[in-house]
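Have the model open and follow along.

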Amino acid sequence: MANSHFRKLEDFEDPRLVRIGSNLYGAAFFLMKLLPARFMLEHAFERGEITAESCICETSSGTFALALAMVMAQSGNGLIIVCDWAIDPKLQRRLLELGARLEIITDPQPQRGLQQARLDRLHQLLAENGCRFWPRQYDNPDNPLSYAKVAAKLAERIGRIDCLVGTVGSGGSLCGTARYLRLLFPDLFVIGVDTMNSVLFGQQDAPRLIRGLGGSMIPKNVDHTQVDEVHWLSAAETFRATRDLHHRHALFMGPTSGAAFKVAAWWSASHRDKNTVVLMPDEGHRYIDTAYDDNWLAANSPEWIKSSPDRPATTAEPSSQFTSWTRFAWCRRAYCEVVPEDAGAGDIAGWQRP
């Protein structure tokens, strides 16, 4: 019964494997979040945490909300999405068409911003009705567990994998895939891609233009001990890389894919004898009016049109300020081993207190 309640959409869940270069492979997803959404709900159903009458509640303004709505349209369960004012209007319309109820937060929590305000509202909704279930994508261990399937397919298709590159948001995709690939390839080099003003790897929290990577709080599913190196890209560099990926390789993907591609292309070119895989979370259809619109870019990120650095700078302090592509040797250490209490995100209480 559990497996039939949430229908698998395997043709949408599994990535296409695209050979971008002689030693660079892209794992290009239609919508990556479909896999963990279905996996988490299916296992909760098996454990009796969800019934056919349950209403699912989650905080998301992006692809996880869409994934939940697609799965819920199949199962018939109710869905409440807590999001914020910056949600893409096209995504908003699609969520409503799929039957989701939206709770749109406009006022940030004074100390911890919109992310905390959304969490506060989510807890209120859960307290109102005992039949509501929170998937908790940020700290549910079933999120990274779901990517064992991706790791197995990559190893089967490619063989030896030397480097894995992916953006970091909830932590599920990169950390989960890395954890399973390392059972086969213990020396796997893992690069996490973040954006400036994200606290995940020690930067100070500040407004960010890029959605889908980074964060104002650190989820438990971000396993810092899986990461060998972290790279930060600016919004302009990310948008330029997204357009380059489409123009040069005909891969119509979103900005998070563009950011990961830029880093992976540099690393693979520097290590010609190593096989590199880059995780590309979603296609570009949601970004037609933003990342793929020259007028929007001119108004919101005018620097995107300029040539972007072809290699990163290196920093010795992840909490330092920089404005262009920069990398840091994380060396599979816990957060508290790298970032002092009085630097970066040390004073921000998130899903995980480092």
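Two strands pair if DSSP finds at least two bridges between them. Please keep in mind that this is a predicted model.

Strands β3 and β4 run parallel and are joined by five bridges. To get from β3 to β4, the chain passes through helix α4 (residues 63-75), making a right-handed β-α-β crossover.

Strand β3 also pairs with β6, again in parallel, through two bridges. There, Cys 55 sits opposite Arg 132 of β6. The two partners of β3 are set out below.

| Partner of β3 | Residues | Bridges to β3 | Direction |
|---|---|---|---|
| β4 | 78-84 | five bridges | parallel |
| β6 | 132-133 | two bridges | parallel |

How many residues of β3 are buried? Five of the five, which span residues 55-59. In a regular strand, side chains alternate between the two faces of the sheet. In β3, one side carries Cys 55, Cys 57 and Thr 59, the other Ile 56 and Glu 58, and both faces are covered.

Now to the serine. Ser 173 belongs to helix α9, which covers residues 172-184. Is Ser 173 buried or exposed? Its relative accessibility is 14%, and buried means under 20%, so Ser 173 counts as buried. Beyond its neighbours within four places in sequence, Ser 173 is in contact with Met 32, Tyr 147, Thr 167 and Leu 279.

Notes. Residues numbered from 1 in each chain as written. Predicted model: local features only at pLDDT ≥ 70, side-chain atom pairs only at ≥ 80, totals over all residues. Heavy atoms only, no water. Helix = DSSP H or I, 4+ residues; strand = E, 2+ residues; numbered from the N terminus. Buried < 20%, exposed > 50% of the residue type's maximum accessible area, 1.4 Å probe, protein only. Contact = heavy atoms within 4.5 Å. Right-handed = clockwise from strand over helix to strand, strands pointing away.
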